[in-house]
Amino acid sequence: MADWLTGRPTDRLDRPIGGRWAAGGHGRQRGRRRLGCNRTPPHSVLILMTANRRRGSAPDDRELRLWGVGRALTLAFASAVLVAGGVFYGLVALLDFKEIDSTTKLDASTLFDLVKLSFGVVAGAGALVALVVAYRRQRVDEAGAHRDATRLHTERFSQAVDKLGSDSPAVRLGGVHALAGLADDAPDDNLRQTCIDVLCAYLQLPFAPAPETTGAAPLDSARQEEHHRYLALRKVRHTILQLIADHYRRPQGTHRSWQGCDLNLTGVTIDCTMDFSDAVFSDGTVDFSRAVFSDGAVDFGRAVFDGAAVRFGDAVFRGGTVYFSGSQFRAGTVRFGNATFSGGAVYFSGAVFSGGTVHFGEAAFSGGAVHFNDALFSGSRVFFRDALFSGGTVNFRGAVFSDGMVNFRDAVFSSGAVYFSGAMFSGGTVHFIAATGPVPNGLTTAVGTPAPPTVVLAAVWLPPAT
């Protein structure tokens, strides 16, 4: 396999695997080593990386499709004749003409009227031809303007990607803003999606970990320069993440809004602030699979999940804070399957699960804190099947289960603190079938005795039969 920049064979860890570049430090697969590569491939590689993920090409809505002149005129004349005939018949019926006097002689006045009518028909036909030609000219002009806009966009795109592949962090930062601006001004959705894909692909590239700066010995010039370069490149990554969040908060259909576009942050390390508050996810795919939330605050507060496919499968929450407080899960599917909650804090406080499906199947709650306090489960299907509660705190205090289904089947409560104190079970179905481990704190009190038929507790938690 050839090196990115030199073309020489290489057997290093930064080789492509299965057609994709390995992402050092991303995901939670054990044994994966962080890649020590600071270089970014040239823009052609960036484009190729997104080509396999890009949605299938759709025909351009503005593509020029015109009938031949003869066909267009024939159809126009036929339509005009039909309309004229309909109007004439309507007038005859309205004026209640019974018959035409066939004995009346053709006088000069009538002849003159027929001549005027003939000229009127010819003038109308000419106007119809002019109308068809003007329409075709307008369509050709629109298509030409669209081609010019696309060509200009392509030229600017190439320049922006060249900057993104520069060795200078400052030039890369300029390329990031240029690509974001191109996405805003793209003449169609496919070109906008391409710009977003390239920004996401940049975030998925391997990057070097932070250099060691601790120790008694002062940093020499080489180590200090390396540290400064790391900070500069991290700034580029943080800028992309913050620009993405800013554009997704804007209402769909408004200028600079990226809502409805696909967002692929698979395997990306998120260690800065991202604000998705009040965003609406109603279309497209937003993919945080295998993402690592290690620092900063990611805010989905009051966001609405209403049909988009949102994925946090295999994500690792090991630091920082992620907010879903006040979010509304109305439709679509949100997946946290196999996610690991090992540190930091994740808040679903006051979230409303009123539709769609939310998966926490096989998630591992091994540290940190996950809060569902005061959440309302009123219509969604929420799955915690095979989830492992082995550490940290999971809080369902004050949660209301009034409709829908919440499934804890085969969940393992081995240690840690899981609280249901003050929870209300007033409807819907809550299953703890085949769950193992000690009963969560406050669950039996919240359920009451006897348990309502909508709540099925694990057999090991039931009192022995008398």
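How many of the eight residues of strand β16 (residues 364-371) are buried?

1. Six of them are, so strand β16 counts as mostly covered under the cut-off of under 20% relative accessible area. The model is predicted, and the points below should be read with that in mind.

2. Strand β16 has a parallel partner in strand β13 (residues 340-347), and six bridges join the two. Strand β18 (residues 388-395) also runs parallel to β16, again over six bridges.

3. Helix α4 covers residues 169-185, which is 17 residues. The buried residues of α4 include Pro169, Gly175, Leu179 and Leu182. Two charged residues, Arg172 and Asp184, are buried as well.

4. The whole structure holds 10 salt bridges. One of them lies within helix α3 (residues 108-164): Arg151 and Asp148 meet at 2.3 Å, N to O, and are three residues apart, about one turn of the helix. Arg151 is partly exposed because its relative accessibility is 47%. Asp148, at 42%, is also partly exposed.

5. Arg249 and Asp275 form another salt bridge, with an N to O distance of 3.8 Å. This pair links distant parts of the chain, 26 residues apart: Arg249 sits in the loop between α6 (221-248) and β3 (263-264), and Asp275 in strand β5 (residues 274-275). Relative accessibility is 31% for Arg249, which is therefore partly exposed; Asp275, at 30%, is partly exposed too.

6. Arg249 and Asp275 also belong to a network of salt bridges that links them with Asp184, Asp246, Arg250 and Arg256. Asp184 is the residue listed above as buried in α4.

7. The salt bridge between Arg311 and Asp287 has its closest N and O atoms 3.6 Å apart. Arg311 is in strand β10 (residues 304-311) and Asp287 in strand β7 (residues 285-287), so the contact ties together parts that are 24 residues apart in sequence. Which of the two counts as buried, and which as partly exposed? Asp287 is buried, because its relative accessible area is 11%, whereas Arg311, at 35% relative accessibility, counts as partly exposed.

Key. Residues are numbered from 1 along each chain as its sequence is written. This is a predicted model: local features need pLDDT of at least 70, side-chain atom pairs count only at pLDDT 80 or more; totals for chains, interfaces and linings use all residues. Side-chain values use heavy atoms; hydrogens and water are left out. Helices (H or I, at least four residues) and strands (E, at least two) are DSSP runs, numbered from the N terminus. The expected span of a helix is 1.5 Å times one less than its number of residues. Buried means under 20% relative accessible area, exposed over 50%, partly exposed in between (1.4 Å probe, protein chains only). Two strands pair if DSSP finds at least two bridges between them. A salt bridge is a side-chain nitrogen of Lys or Arg within 4 Å of a carboxyl oxygen of Asp or Glu.
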